[in-house]
Amino acid sequence: MDAVRLWSLSSQPLKQLIRTTTTRLVVRCCSSSSTTTGGLAPKAGGRSRRLSASTSTSDKDAVRAIRLNKVQELRSKGLEPYGYSWDRTHSANQLQHVYKHLENGEETKPEEDGVSIAGRIVARRAFGKLAFLTLRDDSGTIQLYCEKERLSDDQFDQLKGLVDIGDIVGATGSIKRTEKGELSVYVSSFAILTKSLLPLPDKYHGLTDVDKRYRQRYVDMIANPEVADVFRKRAKVVSEIRKTVESFGFIEVETPVLQGAAGGAEARPFVTYHNSLGRDLYLRIATELHLKRMLVGGFEKVYEIGRIFRNEGISTRHNPEFTTIEMYEAYSDYESMMNMAEEIVTQCALAVHGKLTLDYQGVEIHLERPWRRESMHNLVKEATGITFNEFGNDLQGAKEVTLKNLGADLDYKYKSSIEACSSIGHLLNEVFEIVVEPKLVQPTFVLDYPIEISPLAKPHRRHAGLTERFELFICGRELANAFSELTDPMDQRGRLEEQVRQHNEKRSAAISEMDGAEDKREENDESYEVTLDDDFLTALEYGMPPASGMGLGIDRLVMLLTNSASIRDVIAFPVLKIQQ
Amino acid sequence: MAAAESTPYLEELRRLLRMAEHPSTIGLISSEIRSLEIDQPPPPRLGKEASPAAEEANQEYYENRLNYIATLQNPYPHESSVSKTITEYVNEYEALLMDQQGVHLENITESLAGMAMRQRSSGTGCFFYDLCGNGARVQIYASARNSEMVRSEFLMFHSNVKRGDIVNVTGFPGKTMVGQISIFARSFVVLAPCLHMMPTVNPRGTEWSPGRPRNPETYSLRDQETRYRKRHLDLRTNPDVEHIVIDTRSEITFYIRQFLRNRQFREVDTPILHTIASGATARPFMTHHNELDMQLYMRIAPELYLKQLVVGGIERVFEIGKQFRNEGIDLTHNPEFTTCEFYQAYADYNHMMELTQEMFSGMVKELTGGYKIMYHSNGFDKDPIQIDFTPPFRRIDMIEELNKFANLKINPEDLFSEEANNALKAACNKYGIQCPPPETTARLLDKLVGHFLEEQCVNPSFIINHPEIMSPLAKGHRSRPGLTERFELFVNKHELCDGYTELNNPIVQRQRFANQLKDRQSGDDEAMPLDEGFCRALEYGMPPTGGVGFGIDRLCMLLTDSLNIKEVIPFPTMKPQDQQRAGSS
């Protein structure tokens, strides 16, 4: 899939190059009209442009120096290079819309239809007494049509000499559609509102430096409007989720990020230290346990959209901080949450795309309801032919059958993780993850997880050993996790204590292993501490109504709806390795 | 207190009893009277005040409950059925049975669920409960006659239903002889037993609404430790709390979101884990990322990232989110708190002041119906004061007014000088104003402003045009050298809101950071560190921008008449409880 993506990216610039080479040439010449920085003057043709695109530090410094001179020059003319405000009458998009009817060559009367706009200059061509600038604001782009006669005194010379690509400019004038059909603001006056000091990267070469895209997201957004668009869509998705759950009567609650014990999930937490309390605090790994306290407190429908933190590796699917919605509804079971998940995802898809069929990395995804609902047992049986509830408690027998069944070509990694399973439930889940999960491309609810891997879910009302739990998969990825909540405080205490016991067992095993291998400097996955949230268990003893709850990953939902391959594409400022 | 309040109702019942003729009516009314007279035991004291005897009683209660549920096959059933919420039920049948008494709609079946409170029995095989949930309540009338159980089973069952149990009732709607809307139970299921002794609830609902004064002394659960640590108990027993902690807070954030969205602001999330803690002056929390082996700070402000998004072309942007400051906990500080920051390209601080004024006065109007709120500024034992949000808010020019009130001659242009520093020190001495070291010019000024100007700001007032040395991220004033285009909004003498024309000149920004560094070196460890990534972003050009930030918790405090920030945070950070026995109630 990645290959496809790369190809489509690299094919685009070629087209673009052919289209823009000529204009770009002029631009560059103009913006460095008074300069001697030969390194900046581009040569024609793709190859040399590619070389100059990764503007070296010294080039940047040269540009910066030139532009700083222009800042001085502006000041000496009594002009402020960092203006204070600008009143706009329209956005670019509004103008494109309002003046759609204007014929080629037609102009509105300046005294009647004066407009004022502001934005960043992203392209520029200048001829003797004429200059065309492309201005982009939040809504879109529009051309500035600048004629020496129209502008007062030396404004045209200023425009040619002092305005660079990247500057923020405000302009007023009338509206004219050029003979070539380009809607333009026929500028009567303009002001440099912010002088930019650094050159913008060449649009398509900027993309190749992946690391810089994330480190300097704003540059990425300036160079590629589609990137900014992902974040606009993200805002829409979050707002749509809120609207949807609130229409069902859910109330938003803020629960703490800093906690005395990190519970509600199994993950390594971040630890911090509070000076005046003199104690360690953990960053939450889930909002679950506090939202459930609200149910104990008498609330019947609560949710929280919030940041979760896990001290784990980063990948295309994992960022140490990510956003989820968790929601809880009293007097309902997991069935209700399946409907809720369908409702939320389809509403968001409609808000962003206006339809329920979407493309994700070349695969067509159909979100029309209802979605497939199938138990984990059946899905595994379907894929492997193994019926897991036939094994009873014969773990060894089950492993033998599994290994035989999955075939000899199974990856070593998988074989050892199968061997390591401590119960039938773990084994079933392992086989599910290896064999079934990647195939769940279209939305599927996987139901009834084994009790061993579901410490907060209620036992299934009909099937012993299982819980009333589901996970929602789309494109082979887990998007949501939900259950009928466990409300029995004794059962809950037993399960959490068991979880702590197992964790500590692994942890001490890992520690003794580390003692053996001396230069194994890296800390093991299990080397953190897990404590029991006693306050939560006490709260349950006061009585929590039967309830269902769900957690849904918002970053992953945005990835799906914006066709983004990596979580870093949907988080504006992802956590990155320290730069050398 | 509660008994006194219920007197009119009791009298009415006694009057009805005298008039009643039918034996069942007499039984019913007398049981209602008895229950009202009896059901006012003092709430069990909880938390640190619990005496050893009370603690023992609680423990015994708990063990009895455990023994009881051990005899049940499934004390936590899977199925529950709810046909209406309690509010819907009450509204529907109040309307249907208006002005009627003693009506039973036996053909209708409804199912309700909630928490059973205020249990009482008539001795004639009838049990009454208040069923509570989501801020509403309704009476359950359970009689052996209507029940599916046989009488002995019925009596045994109900003797084990305890205050606080979560129950599910199916039956028919109706009104008792005294006109009380009830559900007459045919089936009665305990969904989740309450294993601990539940404090009693003040039977009167709350009259409180945002902007009005309240009286925490009337709460049935008053111990603050218990209220904040066991918020679920607080919510169940003190009817105001739900409105304060959750409803008013969510109305406020809802209003802000709507206000900003209507003006084309977009909501974004920026990181909480930062590699450098800047954008405000405060001590940050530190943490460590294992796999990357990297030191991280928890954000103290989202400002610098939001401005980067403005550089990236998102012209109107806001974030509502948590900030973290590693500081002491007191009445107005919690280590994590919620703020809203919003930025608008091509606007300046004048525009932002207008916007702020519109937002806050509009919010107060929307939530309270008027512009004036009542607040127990001087403590709950004194009378509340009135705070008036009627626009326009007063504007106080900081240096001009300070010069006037403190009789000073501060010239903003030479505030960097040693002489200015000495003059301010002298002024502080003269008026007896304490400034703990380091005595930087910025800190001295802050103390003077606190003494002379903030004191005047009970009704919302803007203090404007701060000197540059106090405002490292604000743009220099367009016509008054040495000052910046900045405003702070004060309400009830406390800062609520901070805004400015954003500094977007990267050269000046670097200088300001360098000056902050000087303050750091002179011992002010809360001065702002340089954020190179942010300065670099400014070099790509940030449009002229106005920005505002304010604390949502403080706003909640004002509108809910709360003097302690813990009142408005559902789960505030508490001191460790190691000394106390874990799991004790």
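The following legends describe close-up views of a predicted model.

Local features need pLDDT of at least 70 and side-chain atom pairs count only at pLDDT 80 or more, while totals for chains, interfaces and linings use all residues. Side-chain values use heavy atoms, without hydrogens and water; residues are numbered from 1 along each chain as its sequence is written, and chains are lettered from A in the order in which they are written.

**View 1. The interface of chain A and chain B.** Between them, the two chains bury about 8800 Å², 58% of it on carbon and sulfur atoms (buried area is the accessible area, 1.4 Å probe, that two parts lose on being put together, summed over both). Chain A contributes 102 residues to the contact and chain B 106 residues (contact means heavy atoms within 4.5 Å).

**View 2. The salt bridge of A:R64 with B:E539.** The closest N and O atoms of this pair are 2.6 Å apart. Between chain A and chain B, 9 salt bridges are counted (a side-chain nitrogen of Lys or Arg within 4 Å of a carboxyl oxygen of Asp or Glu).

View 3. A:R495 is buried, at a relative accessible area of 12% (buried means under 20%, 1.4 Å probe, protein chains only). A polar atom of its side chain lies 2.8 Å from the backbone oxygen of A:S454. Beyond neighbours within four places in sequence, the contacts of A:R495 include A:I451, A:P455, A:T467 and A:L486.

Conventions:
Buried means under 20% relative accessible area, exposed over 50%, partly exposed in between (1.4 Å probe, protein chains only). A polar contact is a pair of N or O atoms within 3.5 Å; within protein, one must be able to donate a hydrogen and the other to accept it, and residues adjacent in sequence count only if both atoms are side-chain atoms.
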